[in-house]
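I set out to record a few packing details of this model. The entries follow the order in which I looked them up.

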Amino acid sequence: MRISRRALATAAALATVLPLSACGGSDSGSSDASGKVEGKITFQTWNLKAEFKDYFNGVIADFEKKNPGTEVEWVDRPAEGYADKISADAAGGTLPDVVNVSPDLVAPLAKAGLALDLDEAASKYRKEYLDGAWKSHQIPGTDGTFAFPWYLNTGPVFYNKKLFEDAGLDPDKPPKTYDDVFDAGTELAKNSKGKVAALANVPAIEDFGRYGVPLMNKEGTGFTFNDAKGVELLTRYKKLYDAKGLDGQALTATPESAGHKFLTQSVAMNPGSALDLENFKKDAPSLYKNIGITDQISSTGKANMYVMGVMVNSQTKQKPASVAFAHFVTDKTRQMQFAEQVAVFPSTRGSLDDPYFSKQDGTDETKVRIAAAESLKTAENYTPVLFSEQMKVELKNEVAKALQGKQSPKAALDNAVKTCDRLLKQS
């Protein structure tokens with residue numbers, strides 16, 4: 001996938017549940033990946049060739065040199081239509097040997113028997129990766145792990161110190177938990193007479209996760225975010241919305257529109273990245289001089305991560321070579337090299353302690369990188385791998401009705417779960 005700020009912020013949004021009924025849950029055959037690493041394999045990436053051609057050519061050359069008798073053919077697919085292309089290849093039996101995927105892309109492939117179980121085929125490598133990253137490609141109700149973790153991303157929260165100070169809040173003690181956010185949001189709205197809100201986005205599925213709401217049952221057969229804790233969270237958002245501590249346009253907000261609200265200083269907090277800091281410095285110097293940086297809001301103590309992975313086709317005729325190459329692309333050395341070229345983070349254990357991710361040099365980019373890297377050490381992917389794009393829309397619509405007072409928070413979440421469960425069964 002092309003690595004841009006917008007793409008990384010919505011990595012999961014680009015993937016949809018694939019219609020793999022044509023595959024019929026095909027038998028994955030043996031998961032044994034032992035044997036000589038040799039033969040020709042195909043490696044598919046997600047819109048990376050335009051910017052990183054030299055990097056991947058170098059990785060392939062190094063792998064082939066290390067493993068004489070191997071040949072890697074690299075194909076790169078555009079971001080638009082990537083999910084449809086994988087679906088068509090899966091149904092037609094032309095899926096590449098090694099494939100760049102996100103967790104929600106790998107889920108239907110695993111259910112169709114087309115993703116190799118790495119817990120069986122490559123368990124010796126598990127200790128090399130962060131626990132949260134490895135688990136992100138596991139499917140509820142299905143035993144196994146179906147892709148090597150690759151690059152990660154997350155982002156800190158920016159806040160406006162002046163707006164906090166004007167509201168009588170300590171600008172050096174930003175909110176850390178949802179309790180803190182709701183308290184601060186109420187004060188911001190009250191002391192600005194409704195002109196300044198704390199947030200510009202309604203709660204999404206990852207907010208429920210970071211609040212500590214159980215999102216799905218262990219069997220992977222139904223969603224559970226309508227439990228008492230989920231209702232509690234939405235009820236508190238409703239109170240914040242009524243108090244004008246949640247921006248009035250949040251119901252229809254996009255990441256871009258929410259960012260604009262923060263830029264114009266009508267919202268006090270917003271998630272972001274180093275690229276945002278650069279824009280603030282250039283386009284909003286009055287905001288930039290009052291910028292504070294803090295961790296993602298979480299009541300669980302763990303941030304949300306976005307993760308990409310590298311999957312091995314269970315039907316490949318070259319299992320040893322395919323597993324070896326997928327591991328090679330995602331090992332500590334290659335991930336560090338990649339992270340130093342672009343604003344992503346390695347999923348390999350110990351990499352985030354590297355000076356590149358831990359030593360300040362006074363620049364804005366490094367400040368954000370270090371803050372994000374620290375949070376990723378214990379982060380989780382809170383978006384269930386079976387939670388499709390259509391389900392996200394259904395949840396947002398029901399949340400909007402609750403915030404507008406058209407139905408109770410409990411009714412809203414009950415309706416969302418009912419629809420999402422129906423969609424889950426259809427997939």
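Entry 1. I worked on a predicted model. I began with Phe-338 and found a relative accessible area of 1%, so I noted Phe-338 as buried. I then checked Trp-150, which also comes out as buried, with a relative accessible area of 1%.

Entry 2. I next asked how the rings of Trp-150 and Phe-338 are arranged. Their centres are 5.7 Å apart and their planes lie at 15 degrees; because planes under 30 degrees apart count as stacked, I recorded the pair as stacked. Trp-150 belongs to strand 6 and Phe-338 to helix 15, and the pair links parts of the chain 188 residues apart.

Entry 3. I turned to the packing of helix 15 (residues 332–339) against helix 2 (residues 49–66). Their axes come within 12 Å and cross at roughly 165 degrees. Angles over 145 degrees count as roughly antiparallel, and I therefore described helix 2 as roughly antiparallel to helix 15. The crossing is right-handed.

Entry 4. Which residues carry the contact between helix 2 and helix 15? From helix 2, I listed Phe-52, Tyr-55, Phe-56 and Val-59; from helix 15, Arg-334, Gln-337 and Phe-338. By class, the contact residues comprise 5 nonpolar, 1 polar and 1 charged.

Entry 5. I counted aromatic pairs over the model, and the total is 30. One of them joins Trp-134 and Phe-148, with 6.2 Å centre to centre and 75 degrees between the planes, and is edge-to-face. Trp-134 sits in helix 6 (residues 131–135) and Phe-148 in strand 6 (residues 148–153), 14 residues apart. I found both Trp-134 and Phe-148 buried.

Entry 6. Last, I examined Gly-209, which is placed in helix 9 (residues 205–211).

Technical notes: Residues are numbered from 1 along each chain as its sequence is written. This is a predicted model: local features need pLDDT of at least 70, side-chain atom pairs count only at pLDDT 80 or more; totals for chains, interfaces and linings use all residues. Side-chain values use heavy atoms; hydrogens and water are left out. Axes are lines fitted to C-alpha atoms, for helices over the stretch in contact, and angles run from 0 to 180 degrees between N-to-C directions. Helices (H or I, at least four residues) and strands (E, at least two) are DSSP runs, numbered from the N terminus. Angles under 35 degrees count as roughly parallel, over 145 as roughly antiparallel, 65 to 115 as roughly perpendicular and the rest as oblique. A crossing is left-handed if the near helix is turned anticlockwise from the far one by less than a right angle, and right-handed if clockwise. Contact means heavy atoms within 4.5 Å. Ala, Val, Leu, Ile, Met, Phe, Trp, Tyr, Cys and Pro count as nonpolar, Asp, Glu, Lys and Arg as charged, and the others, Gly among them, as polar. Rings of Phe, Tyr and Trp (its six-membered ring) pair if their centres lie within 6.5 Å; planes under 30 degrees apart count as stacked, over 60 as edge-to-face and the rest as tilted. Buried means under 20% relative accessible area, exposed over 50%, partly exposed in between (1.4 Å probe, protein chains only).
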